[in-house]
Amino acid sequence: MSGSIEVRGLTRTFHTTVRRPGLAGALRSLVNPERVAKHAVLDVSFDVAPGELLALLGPNGAGKSTTIKMLTGILTPTAGEARVAGVVPYQERERNARNIGAVFGQRTQLWWDLPVRESFAILRDIYEVPKAEHAARLKEFDELLDLSSFWDTRVRHLSLGQRVRSDLAAALLHDPPVVFLDEPTIGMDVVVKEQVREFLRNQVEERGRTVLLTTHDMTEVERLAERVVLINHGRLMLDGTLEEIRRKFGSTWQVRATLADPHAEVVPPPGIALLRHDGPRVVFGPDGPDAPTVHQALKAVIERFEVTDIGIDEADLEDVMRAAYVQATGDA
Amino acid sequence: MAMVHAWRAARVTPLGELHAPPRMTAVLLRLSVQVVLVWSLWRGLYAQTGTTAGLDRDQAVTYAVLAVLASRLRELDQYTGRDTVLQHMHFGTIVYWYLRPLPPQRYYALRALGEQLYGLAWALGGYAVCLAVGAVEPPRSAAVAGVFLLSMLLGQWVLYYVMLVLDQLCFFTLRNNAAMLILLFAQNLLAGVYAPLWFFPDWFITMSAFLPFQATLSVPLSLYVGRIPLSDAALQIAVQAAWVVALALFTRWVWRRAAQRVISQGG
Amino acid sequence: MSLKALRIVWRVTALNFRAQLEYRTEFLLMVAIGAVWQVSVIVFATVLLTRFTGMGGWDSSDVLLIPATRMLAHGLFVLFLGRMHWAGRQIQEGRIDVYLLRPMPVHRQVQLAYFPTNAIGDLTVAAGLMVGALSRSDLDWTAGRITYLIAAVLGGMLLEAALFTVVASAALRFPAADYWGRWLEELLGTFGSYPLNVLPRAVGGLLTYGLPLAFVAYFPAAVLTGHDTAVPYWLAAASPLLGLLAYLGARLLWRWALRHYSGVNG
């Protein structure tokens with residue numbers, strides 16, 4: 001199984017009709033529509049190695065879904081190139097389809113009126129999976145996702161969590177080396193989320209599947225992704241490990257201290273700013289581009305002041321991402 | 001070939017119905033009531049008239065009852081299954097049709113085949129009962145029966161393409177259930193489901209001759225009741241076959257355009 | 001409905017109309033479909049009725065009043081209350097849950113779901129048919145007759161709305177009931193235009209007391225033209241009033257069903 005993803009200069013431009021305001025405008029648009037071009041994805045390049053899980057991050061409307069659609073072969077890029085497991089998806093859609101599995105958020109591919117197991121059987125036929133192999137994989141998925149408790153229920157009667165678990169299983173039943181998941185855990189409770197994460201980790205580590213995942217859930221990113229790609233306004237902003245992102249955008253630590261002498265004059269060490277001073281309680285933060293790391297700052301504060309209590313607040317990933325999104329928006 | 005492997009897709013409709021017994025009861029009730037109503041209506045209409053538009057009472061009643069039965073062939077509640085093109089476009093799930101190694105047009109054909117076979121079971125059951133109680137006349141000869149079967153098969157084939165064109169429209173423009181309903185009504189009217197086309201004015205019949213709709217139902221049923229004599233059957237069947245070929249080519253072309261549409265907009 | 005509520009209704013309707021304009025091809029297509037629809041319905045209604053002259057003792061100048069009344073009532077129903085027909089779909093899609101959160105009656109929100117572009121076509125056909133029927137009629141159109149005809153059309157509209165409201169109320173409990181809505185539409189369309197005395201008594205009775213289709217157009221037309229029906233004269237004459245009562249009853253049923261609404265999909 002060699003499921004690598006290569007993306008080079010991928011670009012997608014959409015042409016949309018501008019709607020003029022008001023009823024008269026709507027009538028005029030009916031007769032003479034005005035069109036504008038919009039870059040949904042612009043010159044995006046990255047690679048995903050076989051057996052790697054990559055999180056594709058970015059604010060809403062950043063171009064994540066468009067990228068995934070191009071990699072699954074549903075959308076043809078305006079420019080650039082993509083290869084998924086050696087196949088150009090939009091040129092050989094059907095060949096690519098055998099190599100990939102995909103789940104698009106809450107959109108289900110299961111047959112609404114049939115029990116879940118019947119949907120699995122139809123997909124088995126469509127993907128031409130041998131019966132024994134299908135049964136074995138279903139058993140494996142059942143152990144991880146607890147499908148058998150509801151797989152004789154019709155899809156219309158499933159809860160969201162049950163349906164998404166079924167959809168995940170349905171997308172992976174033909175053993176695809178590459179898996180695309182567009183916000184798979186959206187709207188699910190913590191227990192199911194954890195179950196899904198466990199399943200994905202298992203599929204990456206044990207089965208060596210390559211997974212490209214988009215999500216807004218930072219806990220998920222921390223638990224699953226080794227690497228992230230950040231895009232905004234269709235452009236690639238960053239491609240690196242979580243650690244790199246933290247270093248770049250996560251310099252928003254705070255050191256809180258209680259001073260022994262509440263009347264002491266507080267002059268912060270270099271590169272550190274005094275954010276708040278309320279009696280004996282002081283809060284420091286980074287100052288300027290050459291600010292020390294949170295650990296250096298902690299040391300510097302203890303060395304300079306006599307403190308009775310000290311603590312640090314490191315920005316969690318959500319804060320880091322917020323900073324990254326905001327900065328990326330400012331840059332664009 | 002994926003077509004053979006994916007035969008299970010043809011089971012979706014019958015299986016969905018079997019899993020919902022109330023729906024089957026509803027179909028049975030609706031079919032029975034509709035047959036009784038149509039049967040009494042046409043007998044009532046003919047109460048003061050002998051032969052009109054070349055149809056006597058028994059021919060007209062047979063035609064009307066058979067039309068009700070035949071319309072069962074593909075008039076299920078497709079929307080509850082959420083597997084219509086209209087709904088897939090609405091819910092954004094059309095992408096999955098293009099994410100599978102089975103081409104959408106083959107999947108669609110398999111689904112329709114299963115649905116039509118399932119409907120056929122109902123129609124045949126209904127026909128047997130109607131024949132037994134004398135609500136319809138039997139075919140006048142073995143030759144008529146044979147020609148009718150061939151013509152009905154071609155008619156269903158044409159109907160498949162007509163319904164397909166309506167569904168294909170949803171890829172491009174239709175987002176509206178009401179429009180779909182009106183189109184279905186128009187297709188039924190022009191096919192002669194509500195009333196035999198023979199009753200309509202000449203210009204209407206001439207116009208119909210250039211449209212594919214009468215090939216779906218009016219032609220086979222007219223052959224059955226003898227309104228089209230056996231001597232004309234060959235011509236009519238040839239026209240039906242021509243429609244099958246023309247619509248097959250047309251819908252193939254539209255499928256390609258639909259795929260382009262999905263692929264250029266991402267579903 | 002207060003003035004403020006009316007303003008909101010008007011504004012949402014205007015927005016809905018604009019939304020219809022958004023999809024350019026579809027809007028133009030709807031207009032074209034409307035034209036096909038008009039021709040076919042007129043042909044259907046007139047052809048059958050004129051071919052079987054004297055059906056049920058009605059001559060062709062009188063009989064056209066039945067489909068004309070029924071179509072006009074139907075067109076008005078589609079324009080003003082027709083979204084009730086699609087309530088089942090809205091229920092299945094879980095939209096009722098959203099409606100329940102807003103400070104506006106659910107019924108009104110169902111009605112405001114979209115603008116019925118096709119009603120324009122329906123009404124045009126119906127008006128044309130009514131003009132045709134009136135011009136062929138030999139009756140003396142006194143003010144009383146005209147008033148009764150208008151009342152009958154409104155009553156027919158309310159009766160049709162009542163029937164679909166009942167189906168929608170059932171769909172709140174059993175979403176699959178939506179299926180019956182489509183059958184109802186078919187029955188109204190195919191059997192609403194005939195003098196029902198051509199049918200056997202039992203079948204006619206079913207369409208009077210089971211599914212009160214006879215009250216939409218057949219009875220009012222019989223009263224106007226002085227034909228006997230299977231029911232007492234006073235009952236046939238009360239058709240418009242019955243339409244109103246049925247509608248009020250259906251709205252009560254809808255309110256009751258909404259109170260007992262337990263959501264779809266658990």
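In this predicted model, strand 3 (residues 53–57) of chain A is paired with strand 7 (residues 210–214) of chain A in the parallel sense, and the pairing runs over 4 bridges. Within this pair, Leu54(A) is the residue that stands opposite Leu212(A) of strand 7 of chain A. In general, the strands of a sheet pair through backbone hydrogen bonds, either parallel or antiparallel.

**The sheet of chain A and the helix across it**

**Domains of chain A**

- The domain assignment divides chain A into domain 1, covering 47–247, and domain 2, covering 251–314.
- Between the C-alpha centres of domain 1 and domain 2 of chain A there is a separation of 45 Å.

**A buried leucine in chain B**

- Leu159(B) is part of helix 8 (residues 142–172) of chain B.
- Leu159(B) counts as buried because 24 C-beta neighbours lie inside 10 Å, where 20 or more are required.
- Although Leu159(B) and Leu247(B) are 88 residues apart along the chain, their C-alpha atoms are separated by 10.0 Å.

**A covered helix in chain C**

- Helix 4 (residues 65–80) of chain C has 16 residues and reaches 22 Å from its first C-alpha to its last, which is close to the 22 Å expected at 1.5 Å a residue.
- Of the 16 residues in helix 4 of chain C, 14 are buried, and the helix is accordingly described as mostly covered.

**The contact between chains A and B**

- How many residues does the contact take from chain B and from chain A? Chain B gives 29 residues and chain A gives 28 residues.
- On the side of chain B that touches chain A, the elements giving two or more residues are helix 1 (2–5), helix 2 (12–18), helix 6 (94–97) and helix 13 (230–265) of chain B.
- By class, this side of chain B has 15 nonpolar, 10 polar and 4 charged residues.

Methods
Residues are numbered from 1 along each chain as its sequence is written. Chains are lettered from A and ligands numbered from 1 in the order in which they are written. This is a predicted model: local features need pLDDT of at least 70, side-chain atom pairs count only at pLDDT 80 or more; totals for chains, interfaces and linings use all residues. Domain bounds come from an automatic or database domain assignment. Two strands pair if DSSP finds at least two bridges between them. A residue is buried if 20 or more other C-beta atoms lie within 10 Å of its own, exposed if 12 or fewer, and partly exposed in between; C-beta atoms are placed from the backbone. The expected span of a helix is 1.5 Å times one less than its number of residues. Two residues are in contact if their C-beta atoms, placed from the backbone, lie within 7 Å. Ala, Val, Leu, Ile, Met, Phe, Trp, Tyr, Cys and Pro count as nonpolar, Asp, Glu, Lys and Arg as charged, and the others, Gly among them, as polar.
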